[in-house]
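Visitor: I am new to this structure and would like to learn how to read a few of its features. Please show me where to begin.

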Amino acid sequence: MSLNRRKFLGYLVAAPTLVVVADVGREAVFGGAPQASAAALPSPPQTPEYYEFVDSYRDACRLTNALLRVEVKEDGRVAFALPRSDNGQGIQTLFAMIIAEEMGIDPSDVDVTLADARPELVFNQLTGGSSTTYSLYTPVRVAAAIAKGALLDAAAQALDGERRLLETAGLTVVDTAGNSIGFGELSRLAAVPVTTPVEVVLKANEEFTILGKPRGKDDAYAMVTGQKKFTCDIQVPDALPTVICRAPELNGFPDGGPSNIDEVRNMPGITDVEPIGNGIAVRARTFGQAIDGVNALELNWNPGTVSGQSDEDIVEGLRAAELPLAVPAVPGKTLEQELIHYSRNGSALETNCAIVTFDGSRAEVWAPAKSPIAGAKIVSEKLGIGVNDVTFHVIPGGGSFGRRLFNDHVQEASEACLAIGKPVKLMWDRANDCRQGRVKPLCVTRVRAVVTDDAVASFELRYSGVNMEVDEGLTDVLTSQAIKAPGGNLGVSETFWELSVHTPYNFGVNTRAMVETNYGFNSGSTRNVYGPDTCTARELMIDRIAERLNKDPYEFRAEFVKTERLRKVIQRAAEEADWGKSMPAGTAQGIGVHQEYKCATACVVEIDARPETVNRQVRSGRTGPRVTKVTFVVDPGLLLNPLGYEAQVQGGINDGIANAMTAGLHLVDGSFVEASWDNYFYTRQWNTPPEVNVILIEDSEYPDPGGAGEVAVAATMSAVVNAFRRATGIEPTNTPVLHNEPFPEGFTQYPTAPPIPTSPTNGLEFTF
């Protein structure tokens with residue numbers, strides 16, 4: 001990077017101690033033109049090849065970057081209140097590394113906390129789209145570099161020396177003679193009475209000693225020893241456990257009050273039973289007592305939003321709404337396929353929880369939230385107070401996968417607190433989240449390709465899905481950036497589609513389009529928005545095209561892919577996985593490719609569908625074909641913490657296997673029948689591959705934009721479906737492929753899994 005590329009402007013802020021902010025309004029958007037393959041019919045570029053969601057979010061954040069502060073405290077420690085939500089992805093550890101790198105100190109000397117809701121940040125306190133590092137990397141580095149410079153300047157005066165002879169060592173500044181002065185004293189000396197602009201040159205990448213080196217999460221020990229505090233671990237005076245009694249049907253609501261409400265109020269431990277918007281809130285001394293109260297309530301329910309409907313009804317409606325395929329007739333053989341993707345739950349380990357207190361004029365909230373500004377607004381509306389009268393503490397969450405973009409738990413806790421008139425500690429259980437929570441929407445993806453003797457003349461992709469809800473904060477970001485998308489007047493969903501979905505191959509005339517229908521589901525962007533489902537449908541068709549052209553699936557992709565960067569990743573994956581090796585009948589390799597979030601990825605899996613594997617007896621397991629090996633290659637850009645990135649990839653691999661094989665929700669008569677992990681078949685230990693090989697390569701300059709889990713889900717999901725097809729001879733028509741029973745003729749159904757239950761008769765059963 002040239003000197004002017006590393007030169008930025010920031011400010012020393014008027015304060016009693018050293019406070020620094022950054023101004024990165026001049027930062028350029030990275031981009032790269034696609035390269036056409038000589039063997040293919042070039043396709044015109046699509047928006048994400050130049051400008052995708054992470055670019056749009058970084059642009060939206062620029063105006064308030066100067067409100068982000070790196071501080072040196074009086075005790076000498078460095079502090080940064082991160083305006084994002086850490087739900088296990090490790091961004092608190094990463095930003096400690098970023099600040100420490102620029103200041104020349106150890107990451108353990110940096111205290112990175114999660115900032116309370118700050119409405120003045122506008123877009124800059126949203127954790128979504130895997131964009132945290134990409135949007136904050138440079139402004140935080142600039143602030144840290146200015147802080148170091150200010151400390152050195154103050155030390156030069158205090159030690160009566162030259163700045164060029166000074167360096168940081170621990171939380172002190174030392175000179176060549178061994179004289180030293182601590183950060184705490186320097187923080188007071190470096191403080192300025194008037195905010196002052198400062199230019200700074202950032203450290204060159206080749207000088208990094210912390211970034212690029214593996215570092216475990218700073219909270220790992222606390223997590224495994226049970227010392228880490230999540231929301232339900234926080235003790236707030238008189239905030240007692242609260243659970244909501246919900247309808248048996250999706251989004252049903254009470255028809256009058258409970259007939260035995262007084263009896264339930266007198267049950268052991270129960271303190272309050274009150275109706276709220278969508279059910280009955282039960283508050284008790286313990287969660288067990290609250291659940292007993294919920295189970296004892298007797299009341300009638302109004303029908304839900306999809307009353308009487310099942311998966312088949314929704315699929316039929318989505319097919320009818322599908323946008324037409326538009327490419328004019330061209331010579332060649334037409335290949336067409338449809339793939340149904342059923343609803344899925346994100347399965348975050350920690351269920352929804354929130355604590356709310358209210359004294360009549362001010363409210364205080366503790367909750368894991370990826371959009372706390374929107375959450376504070378919801379609380380203010382529910383309680384009838386101003387947003388500035390709400391203090392919203394963002395608590396680290398136990399997983400998210402898009403679930404904590406929504407403030408459902410905060411809204412319900414506010415309603416319960418107001419109705420009961422006392423502080424509440426509200427918790428959802430697993431059954432609540434499966435049956436009434438946010439799910440990955442059911443969708444139908446159709447692909448049509450026209451193939452000549454040696455190339456693809458046209459490639460069309462059509463997505464028809466249940467509407468993908470987005471939270472208030474993400475809506476604001478997308479709305480602010482919609483003008484930059486082609487057409488300039490796209491809606492929220494269409495904008496995200498335009499900025500995220502593309503086909504990275506030269507396939508001649510290339511179109512993609514989406515349409516969504518509101519059926520009344522509670523949906524959300526579980527593990528990416530549109531990427532995994534559209535990628536799987538696309539990559540499944542690419543295997544079929546390769547067969548039509550008598551080409552190897554790997555060689556076909558390497559030949560027709562648009563960019564050299566992605567080609568290198570595909571070739572490395574094939575090499576590492578020993579692609580094309582001889583394998584026993586009933587086993588096969590499969591490959592999937594995906595590019596999103598500035599990441600280029602390729603995945604090769606091996607699957608075993610032999611009878612002795614499919615029919616294996618596994619206690620409480622869902623057997624069937626087993627993925628036995630995964631080789632995953634990703635170019636993530638400038639890799640900042642390899643250990644953290646690899647961990648996210650491994651998690652995404654297991655998610656991808658679940659999405660491809662087993663993890664689907666069944667809608668029957670207006671209800672999702674799955675209620676917990678006993679019958680919602682996320683990847684279990686038996687389903688996890690015994691061999692996983694993750695290879696991280698750096699071949700671009702993007703600052704570790706994130707998206708490791710999301711791209712891993714998409715690439716793995718498509719590779720598994722392709723391997724399943726090659727091993728079994730079955731043409732997949734849906735994901736997960738083990739969703740519908742009975743299995744196709746000639747394929748043995750798993751023998752040991754519990755049967756899919758019938759639609760529940762009430763919503764009061766809780767499974768743990």
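Guide: Begin with Thr242, which is buried, with a relative accessible area of 0%. Buried means under 20% relative accessible area, exposed over 50%, and partly exposed in between, using a 1.4 Å probe and protein chains only. This is a predicted model, where local features need pLDDT of at least 70, side-chain atom pairs count only at pLDDT 80 or more, and totals for chains, interfaces and linings use all residues. Residues are numbered from 1 along each chain as its sequence is written, and side-chain values use heavy atoms, leaving out hydrogens and water.

Visitor: Which residues does Thr242 touch?

Guide: Contact means heavy atoms within 4.5 Å. Not counting residues up to four places away in sequence, Thr242 touches Ala281, Val282, Arg283, Phe287, Ala416, Val424, Lys425, Leu426 and Met427.

Visitor: How do helix α3 and helix α4 cross, at what angle?

Guide: Axes are lines fitted to C-alpha atoms, for helices over the stretch in contact, and angles run from 0 to 180 degrees between N-to-C directions. Helices (H or I, at least four residues) and strands (E, at least two) are DSSP runs, numbered from the N terminus. Here the axes of α3 (residues 132-158) and α4 (residues 183-190) come within 9 Å and cross at roughly 95 degrees. α3 and α4 are therefore roughly perpendicular; angles under 35 degrees count as roughly parallel, over 145 as roughly antiparallel, 65 to 115 as roughly perpendicular and the rest as oblique.

Visitor: Which residues of α3 and α4 make the contact?

Guide: Ala150, Leu151, Ala154, Ala155 and Ala158 of α3 meet Phe183, Leu186, Ser187, Leu189 and Ala190 of α4.
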